[in-house]
Amino acid sequence: MAAARHRIEAAALTGGSVPDPPRVAWRKQMRQRVLDAARDLTCEAGWDQVSLSAVAARAEVSRPSVYKEFGNRAGLGRALVVRETQQFLAGVADTLYPGAPDSHACLRAAILYVLQEADNQPLIKAVITAARKGSDSLLPYLTARADPIFDAGQTLVQGWLATRYPQQHTESLQMAADVIVRMTISHLILPGDEQHLTAQRLATAALKLLQ
C-alpha cells in the first residue's frame, strides 16, 4: 500500500489522466521545466551557484513566472527536493513492500538501496558530494528534522515497522524509525565501511530497539 501511495503522489505531480484546462496544463509544464532546469544546474555547478535568473533562462520561461510559482530561491530549492524525494522514496517503498519475509533482511535491503541509489541519483549525488566538501545550501533539506526527506522517510519506515511489529507501542516504532533514517542519512554524508556492511549493521542496531 505504501508503494502505491508514493506512486499516486508522484503521479499527482503530472496531473493524472484527466486533461487539465490549458492554463493549468501550461503551469504544470512550466513548473516541471523549471524544476528540471534547477536540477540540471545543481548537478553541474552545485546549488550555491544556482540563481533564479539562470534557472529561468535554462527553462526558457520568464523570471517573474519563476518567482510567482516558487516565491523565492528557497522555495524553489524546497520544491526541487520534495519532487526528488517522492521519486526516491517510491523506490524505497518498493523494496520494503512486500519485501523479504525476514524483517532484518528486508530492512537491510532497503538501507542498501538508499546507499547505492544515492550514487545513481544525479541531484542527491551532487548535494552529497558538495556536502562532503563542506558546501551546498540544499543539504539542510536532506538532514533537518522538519524537512521533506526526513519526515517522509520516517513516515515510510515507521509504517513498515508497524506492519512487521504490530505489538510494539507507537513511541518505540517512532524511535526505531528515527534511528534508521538519521543513521542512514549520516552514512550518506560520511560513509564508513562498505555499503553492504553498513546496511547490515544499521538494520541490526535499529531492530534491537524493538526486541
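I started at Arg-83, which counts as buried at 5% relative accessibility (buried is under 20% relative accessible area, exposed over 50%, partly exposed in between, with a 1.4 Å probe and protein chains only). This is a predicted model, where local features need pLDDT of at least 70, side-chain atom pairs count only at pLDDT 80 or more, and totals for chains, interfaces and linings use all residues. Residues are numbered from 1 along each chain as its sequence is written, and side-chain values use heavy atoms, without hydrogens and water.

I listed the partners of Arg-83 next. Arg-83 and Glu-84 form a salt bridge at 3.3 Å, N to O (a side-chain nitrogen of Lys or Arg within 4 Å of a carboxyl oxygen of Asp or Glu). Glu-84 is also buried, at 6%. Through shared partners, salt bridges join Asp-36, Arg-39, Asp-40, Arg-83 and Glu-84 into one network. I found Asp-36 bridged to Arg-83 at 2.9 Å, N to O. This pair links helix H2 (Asp-36) with helix H5 (Arg-83), 47 residues apart (helices are DSSP runs of H or I, at least four residues, numbered from the N terminus). Asp-36 is partly exposed at 28%.

I then checked Glu-69, which bridges to Arg-31 with the closest N and O atoms 2.7 Å apart. Glu-69 is in H4 and Arg-31 in H2, so the pair ties together parts 38 residues apart in sequence. Glu-69 is buried at 15%; Arg-31 is partly exposed at 25%.

Last, I looked along H4 (residues 63-70), where Ser-65, Val-66, Glu-69 and Phe-70 are buried. On the other side of H4, I noted Pro-64 and Lys-68 as exposed.

Terms used: Helix = DSSP H or I, 4+ residues; strand = E, 2+ residues; numbered from the N terminus.
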